[in-house]
Amino acid sequence: MTTDTVQPVSRRAQLITDGLKPSNILILECLILGAAQDNILAGLGWAVVALLFSAVIPMAYIKRSMRKGTVSDQHVGNRASRMIVLPVIMGSVAIALIAMYAAGAPQQMKGLVVSMMATLLVILPITAFWKISLHTAVSTGAIAVLAIGVTWWALLALPVVGLIGWSRVEIRDHTLGQVVAGTIVGGAVAGGAFALMGG
């Protein structure tokens with residue numbers, strides 16, 4: 001295979017990896033679930049809180065860490081760096097969860113943030129010895145939550161997870177096993193936690 005045939009595929013894979021990164025998926029998930037609440041305006045308001053602490057603030061922290069040189073890229077490809085970044089994200093998500101319980105957010109919106117925290121709690125110890133895919137965990141978890149909380153039609157988006165997984169393997173950020181494991185963990189943990197919360 002020549003370089004000319006390899007490079008276009010890698011560029012496509014990189015575009016998919018960047019465009020469908022966890023923070024973007026989380027923003028979409030929060031807004032869809034928020035808009036599905038009985039009071040749409042209140043639901044979207046809580047969606048903004050959820051996405052601020054689960055996506056925007058974590059990405060700002062990662063960007064800052066990149067400027068300082070402690071993180072190499074926006075996807076935190078180094079496993080040791082993930083062990084530093086993940087607890088920070090968990091702390092940010094915890095703030096959102098506390099705010100939601102204190103201010104009486106809708107049950108589904110609380111369930112959404114609980115599902116995020118549950119996924120992080122499972123992924124963190126795995127990451128200590130193996131770089132499980134956050135991309136596929138977050139995307140499958142989002143689909144599971146939306147399938148339970150909004151419509152089962154969300155399951156039609158599952159092929160997108162396969163596309164994301166392919167991109168992660170193609171650019172050699174993960175092995176096939178790591179993206180498959182992320183897919184299983186994300187769907188089972190996020191979906192299970194959300195369902196237990198009455199989603």
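Visitor: How do the residues lining the largest cavity divide by class?

Guide: The lining has 19 nonpolar, 9 polar and 3 charged residues. Nonpolar means Ala, Val, Leu, Ile, Met, Phe, Trp, Tyr, Cys and Pro; charged means Asp, Glu, Lys and Arg; the others, Gly among them, are polar. This is a predicted model, where local features need pLDDT of at least 70 and side-chain atom pairs pLDDT 80 or more, while totals for chains, interfaces and linings use all residues. Residues are numbered from 1 along each chain as its sequence is written, and side-chain values use heavy atoms, without hydrogens and water.

Visitor: How is a cavity found, and what is its volume here?

Guide: Rolling a probe the size of a water molecule over the atoms shows where empty space is left. On a 1 Å grid over the protein atoms alone, a cavity is a set of points where a 1.4 Å probe fits but cannot get out; a pocket is an open set with protein on both sides within 12 Å along at least five of seven lines; lining residues have an atom within 4 Å of a point. Points join across faces, edges and corners, and volume is the space filled by probe spheres set on them. The count is 1 cavity of 30 Å³ or more. The largest cavity has a volume of about 460 Å³.

Visitor: Which residues lie nearest the centre of the largest cavity?

Guide: Pro 22, Leu 26, Ile 89, Leu 134 and Val 138, out of 31 lining residues. α6 gives the largest share of this lining, 6 residues. Helices are DSSP runs (H or I, at least four residues), numbered from the N terminus; strands are E runs of at least two.

Visitor: And which residues lie nearest the centre of the largest pocket?

Guide: Leu 28, Ala 142, Ile 143, Leu 146 and Ala 157, among 13 lining residues. α2 (22–35) and α6 (134–149) each give two or more residues to this lining. The pocket volume is about 220 Å³.

Visitor: At what angle do α6 and α7 pack?

Guide: About 175 degrees, with axes 9 Å apart. So α6 is roughly antiparallel to α7 (over 145 degrees; under 35 is roughly parallel, 65 to 115 roughly perpendicular, the rest oblique). Axes are lines fitted to C-alpha atoms, for helices over the stretch in contact, and angles run from 0 to 180 degrees between N-to-C directions.

Visitor: Is Val 76 buried or exposed?

Guide: Val 76 is buried, at 5% relative accessibility (buried is under 20%, exposed over 50%, partly exposed in between, with a 1.4 Å probe and protein chains only). Its phi is near 50 degrees, positive in a residue other than glycine.
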